[in-house]
Each structure stands twice: as structure tokens, then as C-alpha cells.
Amino acid sequence: MRITIRNLLASVVLSVTASVAFAQGAAPAAKPQVESVNILEVSKDVQAQREAGENKPGSNQPIWKNVNSDVAHSVNFPNKEMGVLIQKSGQQWRLIRNGVITVWGGWLLVIMAGLIATVFVIKGQIKLHEPKTGRLIKRFSGLERFSHWLMAFSFLALAFTGIFILWGKFFLLPIMGGAAYGTFLLVMKNIHNFTGPLFTVSILLFFVLYVKDNIPNKGDLTWIASFGGLLSGKHIPSHRFNAGEKIWFWGGVTVLGLVVSASGWVLDMIVPIPGIEYWRGTMQLANIIHSIAAIVMTVMAMGHIYVGSIGMEGALQGMKTGYVDEAWGKEHHELWYDDIKSGKIKS
């Protein structure tokens, strides 16, 4: 037993001695070089290298830095905008037009059309609660109807051509092909451009003729609070125009109509406007304003057109002939009807 333990200890000693000798004769292993650095100093070094590269002889980095800026440089051309070779804001305009306006504006029109169709399917045409009397009262003069239809037809021309210009490439281009669609779009653009000034004139004439009957009053608050009688189930008495029509007159026709017209005149470059330079940036901003205002106005107009045509019985007759039945006038505009019957308003 003692011999075995002695032999074992000797073997261990010999093994340890051999391992130490081998380790001393072998090359020492390379240790990883880990160096602690300050990220701020690295940034300074990178910036210094960048600046050094810019200042090297023959480096074109400063040239491209000046080119890729919105700063107008000196040029020997009549058009000073040629001093801007690369307009970076053009990409921002493109993203807004092809993203926010095209996508969200398109969905807004589709949703409004869907709501109108749903209301018509569920509720149908709003009928008179009392039968027609056969006695007519005058609601619109010939000049008032002329201004309305002038604005209506010019608006429809602008709306449809604008839809083709903004969204036509998505549903017409694949069907018509590039050549035919290009020609078609050129025709649409010219119709749009030449109809614009006529639309502006119609808005101004419409405003002058109808503003006196669209002044807000206290009764309009009652109409708005009950959503025109939808909550109470009965019509709220109103004068010649109710609060809903006044909202359309001031918000849709006057404000949005003038914004669309003003921005359209800038895009058409019809007349010189003091303080405005027709640069690309100006045109891009005008295009964004024009598109947004036109889409919102179209959404409001869709509701107005629906109520004034198939949505309400007898409404279209007043704008077609200038006269409405007494039953219609009493039910929808009772205060206006009472003023006519009392002689306060001449019919």
C-alpha cells in the first residue's frame, strides 16, 4: 500500500514539473488590448477629420454643401431662383402631397360618400309631414338662382378635374395608359385653370346676394343644439336660412371658397401679387393650402348637395323654379314663412 501511494505522488510531481517546463518554453499568449475612450473626444476627432477633408485641396465637399441648400446664390439670369440648384423643401412638399393629402384626403371623401349613402338607405328622403297645398311662394329671384348655379357648375367642374389631377394616376392611368392619360390630364388641367377665375367671380356675386339673410342670430344656437331637429324629432323654426345653411355659407362658400380661389390664383400666376414671389417654395405652399381647402370644401358640399337634391322633398324645386310650396316653407323655415304671410317680406 505504501509503495502505491509513493508511486502516485511521484507521478503527480513529474507531471507538474513537465507542465511548468512546457509553459516556460512556450510563447506567452497575446492579451486583448482593451482601451477606454471618451465618446465626446471621438466625436471631436471625427469632426476634425471631416473638416480636414473639407479643407483638402481638390475636395468638392464644400461645393456640394452649397449646392444642397436653399440659399439663393448669385446668378447671371433674369430668374434669381436659378441660384438654388437643389431645393430640399421640394421633398417635404412631395411627401405631404402624396402622403397626407392624397391618402387622408381620399379617405375623407370616401367616408363622406359612405355616410351619405348609409343615411339615404336607412332614412330615405325626408318627406313633408303635411300634404302640399298647391300654393307657391317665391323663395329665390332669378339673379339669386343664376349666381347659385354659376357657382355650382363651376365648382363641380373644378371638383371633378381636381380629383382626376390628384388621384387619376391611381385608377385611370392603369386603364388608359401613359400617352392617353397624359393627354386627358392636360385637358383636365386646362379646364381646371380656366374655370378657377369664373368660380371666384361666382363666389363674390353669391356673397353679395345672400349675405343679408345669413347673419347669425340667437335662434341658430337652438338649431345647432338640437342638430337641426334630429334630436327632438321636429323641425326647429328658422328664418330664410337655418344654422346649417349659414355654416355652409360662411365656412364652406365664403372662407374655404376664398382660400381655394386665392391659392388657385397664385398657382395660375394670373396677376402679380405685391409681396409674393412666384418661387417653387411659394407654389408648393400654395398647392398644399389649395388641396386641403378644396378637399374640406368638397366634403361640406357633398352634404349640401345631398340635402338640397334627393335628401329632402321639395328643396330642389326652390332652386330650379324659384318657388316652393307653402307647406314646405312653413315646415322647414317657419319664421321666414310667417314674415311672408304677414307681409314683412314681399314674395
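I began just after α9, where Met269 takes a positive phi of about 55°. Helices here are DSSP runs (H or I, at least four residues), numbered from the N terminus. This is a predicted model, so I kept in mind that local features need pLDDT of at least 70 and side-chain atom pairs pLDDT 80 or more, while totals for chains, interfaces and linings use all residues. Residues are numbered from 1 along each chain as its sequence is written, and side-chain values use heavy atoms, with hydrogens and water left out.

Next I went to the start of α9: a side-chain oxygen of Asn242 comes to within 3.1 Å of the backbone nitrogen of Gly244. I also found a bend of about 30° in α9 at Gly257 (the angle between axes fitted to the seven residues ending there and the seven starting there).

Then I turned to salt bridges (a side-chain nitrogen of Lys or Arg within 4 Å of a carboxyl oxygen of Asp or Glu). How many does a search of the whole structure find? I got 6.

One of them joins Arg240 and Glu144, with the closest N and O atoms 2.9 Å apart. Arg240 sits in the loop between α8 and α9 and Glu144 in helix α5, so the pair ties together parts 96 residues apart in sequence. Are they buried or exposed? Arg240 counts as buried at 10% relative accessibility, and Glu144 is buried at 8% (buried is under 20% relative accessible area, exposed over 50%, partly exposed in between, with a 1.4 Å probe and protein chains only).

I noted Asp220 and Lys246 too: their side chains meet in a salt bridge at 2.9 Å, N to O.

Note on methods
Helices (H or I, at least four residues) and strands (E, at least two) are DSSP runs, numbered from the N terminus. A polar contact is a pair of N or O atoms within 3.5 Å; within protein, one must be able to donate a hydrogen and the other to accept it, and residues adjacent in sequence count only if both atoms are side-chain atoms.
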